[in-house]
Amino acid sequence: MFKYVVMSEIVEKAKLFASKLLKNDLDSRFLYHNLRHTQRVVKSTKELLNFYDLTEEEQEKLLLTAWLHDTGYVAGRLNHEEASCKTASDFLKENGYKAADIEEVCRLIMATKRHYEPQTLSEQIIRDADSSHFAKKSYWETTDFLREELKELDVADYSPKEWRDENIRMFRNEHRFYTDYAKENWEEGKARNLKQLVKEKKNEKDIAKKEALKAKYKQESPDRSVQTLYRVTLKNHLKLSDIADTKANILLSVNAIIISLVLANLLTKLDNPSNTYLIYPTFILILFSVASMILSVLATRPNVTTGKFTKEDVEQKRVNLLFFGNFHKMKLEEYEWALQELVKDKEYVYSSLTKDLYYLGLVLNKKYKILRITYNIFMLGMIISVLAFGIAFRFFGPERLTF
């Protein structure tokens, strides 16, 4: 049954203090004894407090203990309980906590020491909360973190078999739950995890095979960093291609508008003898605009591909199956077969992705070269056309206008 658990101001301060300390100052090699473990202990402590009818003061001390019991790991692994007591004492003194209550919190922290037999209900609660992971579904994740932590800290380097046997020994001979609530609600989960450990021990050959397959899969699977490299680079290439196409479309639109205006407004006036001085400037403007449009079209015009490949091309890894231009004329069955051959070979996959990057790069290089020339011609054309119109008006206009 749910019951309110006290959350006093000092508990909230302890939460912030411990979270900041374990997040910022704890050695990154502590893969198990870290903030996540502390949060799990706090959650289990609250679950137990919801069941037991303790005073607000007792609840407060247990929650303070749960938040502060592993802060000593910041100073190192050895004698971390004593270090946690010192850290907790300093913190609680700074916040005006009573000396007798600080002593009680330290006593509860020391109750989490290995092999300690709890004497009071509060000690039983904090010990059960500290080891509640034995009964959780997350046990398999947490035990792997603990094994890696011991290895990283040069404490012990267990093989999977040795670690499994050590856990079985811990389950059977060393660990036990103390509170009635834990025995009733958590013992079943613990028994289920122990049963799985024993089952794995009995099927040791299958486990070895599984580990070998796992290692092989890990070795043969594309590394995540490599996947990210290809994905980001391809995305950037495609984005640059879209930018180039947009620039070309802008030039097409602008020059089309210019030519439309010239045809509508200037050409109709050139048949008048008094406007013959406008012929050459108009011709220059149209010439540069048409040249810009032609180059813009060339920059975006797709290449024609055969759209076919042979079985030999696939076997010799000569065809890039990731580009539609190489298979758009093939039958579905032929393409499915080719793609299945591709995914079987990691080297072929990487080769295809690399070809995609390379040829996209070549296309981008061509597009941007043509676009640069196009913009230069467009800019030069505008300058020359304006000058041509200015000269025509100045020297050949009907009234010979002066600037």
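Helix α3 passes helix α6 in a right-handed crossing. This is a predicted model. To see the pair, select residues 56-68 for α3 and residues 121-130 for α6. Their axes cross at roughly 35° and come within 11 Å.

Next, show the side chains at this contact. On the α3 side, pick Leu62, Thr65 and Ala66; on the α6 side, pick Ser122, Ile125 and Ile126. Coloured by class, the contact of α3 with α6 shows four nonpolar residues and two polar ones, with no charged residues.

Now go to the second pair. Select residues 160-174, which form helix α8, together with residues 187-202, which form helix α10. Here the axes lie 10 Å apart and the packing angle is about 145°. The handedness of the α8 and α10 crossing is left-handed.

For the contact itself, display Arg164, Asp165, Asn167, Ile168, Phe171 and Arg172 from α8. Which classes do the residues in the contact of α8 with α10 divide into? Six are charged, five are nonpolar and two are polar.

For the last stop, switch to a surface view and select Met379, Ile383, Leu387, Ile391, Phe395 and Phe396. Together these residues make a nonpolar surface patch of about 650 Å².

Notes:
Residues numbered from 1 in each chain as written. Predicted model: local features only at pLDDT ≥ 70, side-chain atom pairs only at ≥ 80, totals over all residues. Heavy atoms only, no water. Axes fitted to C-alpha atoms, helices over the stretch in contact; angles between N-to-C directions. Helix = DSSP H or I, 4+ residues; strand = E, 2+ residues; numbered from the N terminus. Left-handed = near helix turned anticlockwise from the far one by under 90°. Contact = heavy atoms within 4.5 Å. Nonpolar A, V, L, I, M, F, W, Y, C, P; charged D, E, K, R; others polar. Patch = residues over 30% accessible without salt bridge, like charges linked within 9 Å, V, L, I, M, F, W, Y side chains within 5 Å. Areas by Shrake-Rupley, 256 points an atom, 1.4 Å probe, with all protein chains shown as cover. Salt bridge = Lys/Arg side-chain N within 4 Å of Asp/Glu carboxyl O.
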